[in-house]
Amino acid sequence: MSAAELLSGSIQEAAAALDDRTVSSLELTQAALARVAETDGRLGAFLAVTPERALDAARASDARRARGDARGPLDGVPVALKDIFLTQGVPTTAGSRILEGYVPPYDATVVERLQAAGAVSLGKLNMDEFAMGSSNENSAYKPCHNPWDLARTPGGSSGGSAAAVAARQVFGTLGTDTGGSIREPAAFCGVVGVKPTYGRVSRFGVIAFASSLDQPGPFGKTVADAALLLGAVAGHDPRDATSSTRPVDDYLAGLEGGAAGLRVGVPREWFQEGLEPGVERAVRGALAAYERLGAKLVEVSLPHAKYAVAAYYLIAPAEASSNLARYDGVRYGLRAKASALKEMYAETREQGFGPEPKRRIMLGTYALSAGYYDAYYLRAQKVRTLIRRDFDEAFARCDVVAGPVTPTAAFRLGEKVDDPLQMYLADIYTIPCNLAALPGLSLPCGLHEGQGLPVGLQLVGRPFDEATLLRAARALEREQGPLPAPAGV
Ligand code: GLN
């Protein structure tokens, strides 16, 4: 197989070809860079491509392999990173003008870990500004398009991360998920995305949006690829105080264990009004497939999940308003010209932040202000506890919770951009999992009958039980077979 053909396959296939020397990392990286050059003008997945660095890393990987020092299946494999991860010496913007020109002095832990595994980064991926959005349209730089239909959004906020994998530009990517930003774009682009348990993957060097919710995770074309990437980046990091010390499971070891005997919880509230019929059909098809595989469907209830979006839009903006206070024109990126210090702060923030971060800063500051704290923020935190309890009760009766990722398939660019509330509702099924700090996964479960667009199945697991999620996802993936490659690019 040629390097260009290998790009359509899995990481495991690429790793096998690298190991038996039918391809070099240099050839694979050149093929990926050529694919980016050929497609990204239309797709817009990358904010920055770093070819020199990539080619150097590929040569170093080939040299290791020649010495018999290859570091495992990711060594020499082209990947890319959401532009929210700090990369030493490579501009990092979080999709915002306020970080234009900012070059981080160190790498995020996940970046270090991917590098240590030998992965070759091609550059930084497009995203909604500060990860606020569900369509990538809040990127201050350019829109990203869905490789299945360029008139549609790839989802967000990790739109570039999902689109780059779906369009076969790279084998895998990292994104972050605060309220659905890995799972929603994975569903819209027909790839696998994993939002790990809060604390499973280090947030050190990840530009903060809502610190009690943010969690990095992988995208891959297959469940095994996502498992491989997750295994490479997961695990304790003393530089992130919320990072868990629990040992990381071997996600590949149990992957082929099948779904026989698995109890799949189906929340009754997730199949009500608002779920588009074409999405429901595909999701129900997946649930029926689980039954054929020997799993048992059990109805569960998440009675408080309907308050998740409301609670999230208090908690996340509250944390964001505090996190974004650091962008004052002094320490990072943009600095507006002004004659006095206070004016410089104000002018930098006025020019540097786009409309969505400004909206969130105002919402968050209001929710935290004296006199309103109890009514809003504190109450939202209580709702969060209730949602977590709903899941605890569900998990007394099932091993994974399954349902839709999104109410619709990928919507059109421009369709919701003027209606923040409609945009927020795109995350109605993904946000409960973040509020409860649980692991969630999005897996393609077929194409929408009318639209020909991918539909995602969401699986939510017990805390730190990513292994069961991945095994369950793999069982369905094997049963269904792969989606065709997207025709849009
Ligand atoms: N769409 C949600 C928001 O705008 C979630 C974003 C995310 O997960 N980063 O906040």
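**Note on the predicted model: ligand site and selected residues**

1. Phe464 counts as buried, at 16% relative accessibility, where buried means under 20% relative accessible area, exposed over 50% and partly exposed in between, with a 1.4 Å probe and protein chains only. Phe464 is found in the loop between strand 11 (454-461) and helix 16 (466-480), helices (H or I, at least four residues) and strands (E, at least two) being DSSP runs numbered from the N terminus. Its phi is near 65°, a positive value in a residue other than glycine.

2. On the basis of this note: the model is predicted, so that local features need pLDDT of at least 70 and side-chain atom pairs count only at pLDDT 80 or more, while totals for chains, interfaces and linings use all residues. Residues are numbered from 1 along each chain as its sequence is written, and side-chain values use heavy atoms, with hydrogens and water left out.

3. Asn136 has its place in the loop between strand 3 and helix 6, and with a relative accessibility of 0% Asn136 is counted as buried.

4. Ser157 lies in the loop between strand 3 (120-125) and helix 6 (159-166), and the peptide bond that joins Gly156 to Ser157 is cis, with omega about 5°. An N or O atom in the side chain of Ser157 is 3.5 Å from a nitrogen atom of the ligand.

5. Two further ligand distances involve oxygen: a backbone N or O atom of Gly179 lies 2.6 Å from an oxygen atom of the ligand, and an N or O atom in the side chain of Tyr312 is 2.6 Å from an oxygen atom of the ligand. Taken alone the ligand exposes 290 Å², of which the protein buries 100% (accessible areas by the Shrake-Rupley method with a 1.4 Å probe).

6. The ligand is surrounded by 15 residues (a heavy atom within 4 Å), the closest being Gly179, Ser181, Tyr312, Arg360 and Asp427. This shell has five nonpolar, seven polar and three charged residues.

7. Ala282 has its place in helix 9 (residues 277-292) and is buried, with a relative accessible area of 11%. Ala282 and Gly456 are 174 residues apart in sequence but 8.3 Å apart in space, C-alpha to C-alpha.

8. Ser301, in the loop between strand 8 (296-300) and helix 10 (308-323), is partly exposed, with a relative accessible area of 24%.

Notes: Polar contact = N/O pair within 3.5 Å; in protein donor to acceptor, adjacent residues only side chain to side chain. Nonpolar A, V, L, I, M, F, W, Y, C, P; charged D, E, K, R; others polar.
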